[in-house]
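This briefing concerns side-chain contacts in the structure below.

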Amino acid sequence: MATPLDPHAAIATEATGLRDGALTTADGQPLGRALARASRRARRRAFLLVLPLLAFILITFILPIGQMLYRSVYNDGFSANMPAISAWFAEHPAGTDPDEGAFAALAADLQTSAEDKTIGVVGTRINYALPGTRSLFTSTGRKVRSGIEPPYQAALLDLDPKWGDPQLWAAMRDASSAYTDSFYLASVDAKRNVGGEIERAAPRQRVYVMLFLRTLWLSALVTGLTFLLGFPIAHLLATLPLRKSNLLMILVLLPFWTSLLVRTSAWMVLLQQQGVVNDILIWAGVIDNGGRLKMMYNQTGTIIAMTHILLPFMILPLYSVMRTINPSYVRAARSLGATSWTAFRRIYFPQTLPGLGAGALLVFILAVGYYITPALVGGASGQLISNMIAEHMTGTLNWSMAAALAAILLAGVLILYWVYDRLVGIDNLKLG
Amino acid sequence: MALPKYATPLERVWHWTYLAICALIFFFLIAPIVVIIPLSFNADRFFTFTDAMLSLDPEGYSLRWYDSLMTFGMSQPDAPRGTSWLADMWANAKWVNAAKNSVIIGVCSTVLATVLGTLAALGLSRPEMPFRRLIMALLISPMIVPLIITATGLFFFYSSACVPQGSWAQALLSPVLSKSGCLANTYLGVILAHATLGIPFVIITVTATLVGFDQSLNRAAASLGANPRTTFFRVTMPLILPGVISGALFAFVTSFDEVVAVLFIAGPEQMTIPRQMWIGIREQLSPAILAVATLLVAFSIALLVTVELLRRRSERIRGVTPG
């Protein structure tokens with residue numbers, strides 16, 4: 001016997017449950033309310049099944065990324081350890097020349113910070129904006145630890161004339177608030193000048209916009225190449241009889257299942273100057289021994305390896321769409337007098353667009369965030385934005401900068417992800 | 001695809017050109033993977049086919065790079081090969097250790113990802129699931145977000161989310177946390193990260209299996225008196241099992257192949273095969289890397305065959321014609 005709240009039971013009693021003219025369940029409840037309750041319970045049950053995973057993902061994935069985003073706008077390395085001068089900056093608007101009061105606050109802060117051994121943190125924070133200033137803080141800190149006499153302005157300038165540099169004061173003003181947009185400004189090659197206005201960074205320091213553009217350009221190029229190489233293959237697989245195409249599909253799926261590092265190291269072996277590709281070219285007489293091509297540790301290596309690695313992600317969605325295309329449309333076009341090229345261009349190709357869109361978006365999304373392959377075969381000219389993030393994380397230890405660059409990359413990827421969901425639907429994502 | 005009888009000569013030429021182009025692209029796809037296999041048996045320290053190899057001279061081939069995989073890191077690699085040598089290898093050889101770590105981390109994260117992912121996929125496949133699209137997008141996102149971003153976020157999170165020193169929580173969790181009470185540099189941290197990265201694959205494969213699932217089977221079981229648990233284990237589970245297993249294999253491969261997160265959040269203890277490869281490739285590319293690569297290719301072939309067989313089996317029991 002099913003429970004009375006079961007909607008099927010409610011429907012079953014419909015015939016006999018006509019009491020007082022209103023539809024009720026067997027135990028006398030109004031049918032509408034019983035159904036609403038049953039569907040609420042079904043919704044809750046479905047949600048409870050998803051809840052453990054949702055909580056897991058929120059804690060191990062969403063929370064860490066949120067924390068990273070917070071770090072990209074929050075850095076208290078300066079403000080927490082230099083309270084007096086930070087207060088002075090808060091009281092005086094941008095563009096005010098530092099007076100004796102400012103230098104007194106600075107001297108007091110430097111002294112306490114040197115005693116607390118936090119002067120290195122302070123110097124590092126300013127060093128992000130003005131490279132080479134960390135030592136100014138640490139050396140001055142060492143000298144003022146034993147005490148400093150007023151007038152402070154003259155005394156500090158005497159210790160190091162760099163303390164009068166307006167650039168330094170602009171950088172300190174920028175860092176005097178824990179919440180800052182300076183890392184985002186730096187990510188687009190901009191900074192605040194002495195007057196507090198936004199201006200472009202010095203030409204030598206303009207690296208990030210170029211890296212973002214290179215990442216976009218290389219990703220677009222790789223997407224284009226995977227399309228050029230993937231389309232004929234997908235078409236062949238989709239039109240061959242199933243038995244043959246399943247066999248050939250193994251040639252696509254094997255690279256797909258092979259470790260990324262294996263494929264990358266395979267390309268390193270092949271593309272070396274003493275490697276197999278150069279040997280074959282010499283044997284074929286295309287180049288001579290002195291003219292061995294340099295195909296690795298530059299953009300060429302990155303493009304070749306990434307195209308190879310991402311090619312299955314283009315072929316698989318294209319294939320699954322092409323399988324569903326009815327061949328009689330093309331035959332109809334031919335019978336109406338279209339040449340094979342016209343039939344392909346006007347009839348067949350437009351029908352492949354959903355697969356093409358899915359594949360291209362997927363390849364582009366994956367390419368934009370590539371790290372391993374450019375790091376191993378890219379050299380200097382083949383580095384992408386991910387490599388710069390890793391460099392800031394492990395090399396320069398400018399974690400706020402890494403977080404800001406990662407946030408911009410993340411925003412781009414999420415927009416593409418949204419477009420993908422709109423156009424293709426994540427439900428239609430297929431693997432193998 | 002056969003050429004129609006009415007094809008013009010030009011079309012015939014194009015058809016054969018097209019097949020040749022396809023053959024070249026297939027060659028591009030598969031050649032890099034195939035080439036490293038003979039090169040891993042190279043007797044010399046080269047990454048190219050030596051004259052001896054090309055003339056198929058047995059002298060040109062050797063197993064020395066496979067041997068070096070076992071001896072690298074051993075305390076006494078030259079000792080006579082007996083039980084003590086084996087014990088030394090099992091305890092000290094770097095690649096053996098890396099393999100052990102990879103398997104431990106892979107298996108644990110796969111179990112976690114598969115259990116949570118299958119449950120969630122069951123919920124997501126119910127028509128009454130609220131906010132289905134949004135939640136699905138959220139759960140798939142670890143696959144879409146670049147690994148470097150995930151790794152950066154986890155690095156900050158693992159070094160900041162720590163239990164207080166000296167608290168009862170630290171005493172309780174000390175076996176799985178680092179000395180400072182954090183998740184950084186621990187097996188648990190890597191396992192949680194890899195489970196997160198593997199979950200999208202489980203969700204995708206299991207929901208794909210559930211698309212063809214006939215919900216009336218569940219109702220039939222319930223009407224015959226089975227409670228929800230019996231229904232799940234006796235009716236639903238056997239039918240979706242192929243999907244669950246192939247999702248688990250995807251999750252395992254994801255963990256087994258993952259290096260970026262490991263580089264950022266793992267300590268020297270958690271040396272995995274990809275990390276050892278990464279170090280080997282960065283420091284000095286030796287043919288030993290190709291020996292590892294060859295073993296991994298063999299492993300992927302085994303996985304590919306398994307997944308393919310599972311897919312066919314799943315289609316058969318669901319009554320879907322293969323296609």
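**Side-chain contacts**

B:R81 is exposed, with a relative accessible area of 51%; exposed denotes over 50%, buried under 20% and partly exposed the range in between (1.4 Å probe, protein chains only). The model is predicted: local features need pLDDT of at least 70, side-chain atom pairs count only at pLDDT 80 or more, and totals for chains, interfaces and linings use all residues. Residues are numbered from 1 along each chain as its sequence is written, chains are lettered from A and ligands numbered from 1 in the order in which they are written, and side-chain values use heavy atoms, with hydrogens and water left out.

**Salt bridges**

- Over all chains the count comes to 6 salt bridges, each defined as a side-chain nitrogen of Lys or Arg within 4 Å of a carboxyl oxygen of Asp or Glu.
- One of them joins B:R81 to B:D67, with the closest N and O atoms 2.7 Å apart.
- B:R81 lies in the loop between α3 (64–71) and α4 (83–92) of chain B and B:D67 in helix α3 of chain B, so this pair ties together parts that are 14 residues apart in sequence. Helices (H or I, at least four residues) and strands (E, at least two) are DSSP runs, numbered from the N terminus.
- In chain A, A:D181 forms a salt bridge with A:R192, the closest N and O atoms being 2.6 Å apart.
- This pair links distant parts of the chain, 11 residues apart: A:D181 is in the loop between α8 (166–175) and α9 (182–187) of chain A, and A:R192 is in strand β3 (residues 190–192) of chain A.
- A:D181 is partly exposed at 32% relative accessible area, and A:R192 is partly exposed at 27%.
- A network of salt bridges links A:D174, A:D181 and A:R192.
- B:E11 counts as buried, at 16% relative accessibility.

**Aromatic pairs**

- The count over all chains comes to 30 aromatic pairs. Rings of Phe, Tyr and Trp (its six-membered ring) pair if their centres lie within 6.5 Å; planes under 30 degrees apart count as stacked, over 60 as edge-to-face and the rest as tilted.
- A:F256 and A:F313 form an edge-to-face pair, 5.2 Å centre to centre with 65° between the planes.
- The two residues are 57 residues apart, A:F256 in helix α11 (residues 242–257) and A:F313 in helix α14 (residues 299–322) of chain A.
- A:F256 is buried, with a relative accessible area of 15%, while A:F313 is partly exposed, at 23%.
- In chain B, the ring centres of B:F256 and B:F299 are 5.0 Å apart and their planes are at 40°, so the pair is tilted.
- B:F256 lies in helix α11 (residues 228–256) and B:F299 in helix α14 (residues 287–317) of chain B, so the pair ties together parts that are 43 residues apart in sequence.
- B:F256 counts as buried at 13% relative accessibility, and B:F299 is partly exposed at 31% relative accessible area.
- Ring pairs also link A:F227, A:F231, A:W341, A:F344, A:Y348 and A:F349 into a cluster.

**Charges over rings**

- The charged end of A:R71 sits over the ring of B:F156, 4.2 Å from its centre; the criterion is NZ of Lys or CZ of Arg within 6 Å of the ring centre and within 35 degrees of the ring normal.
- The charged end of B:K100 sits over the ring of B:W90, 4.4 Å from its centre.
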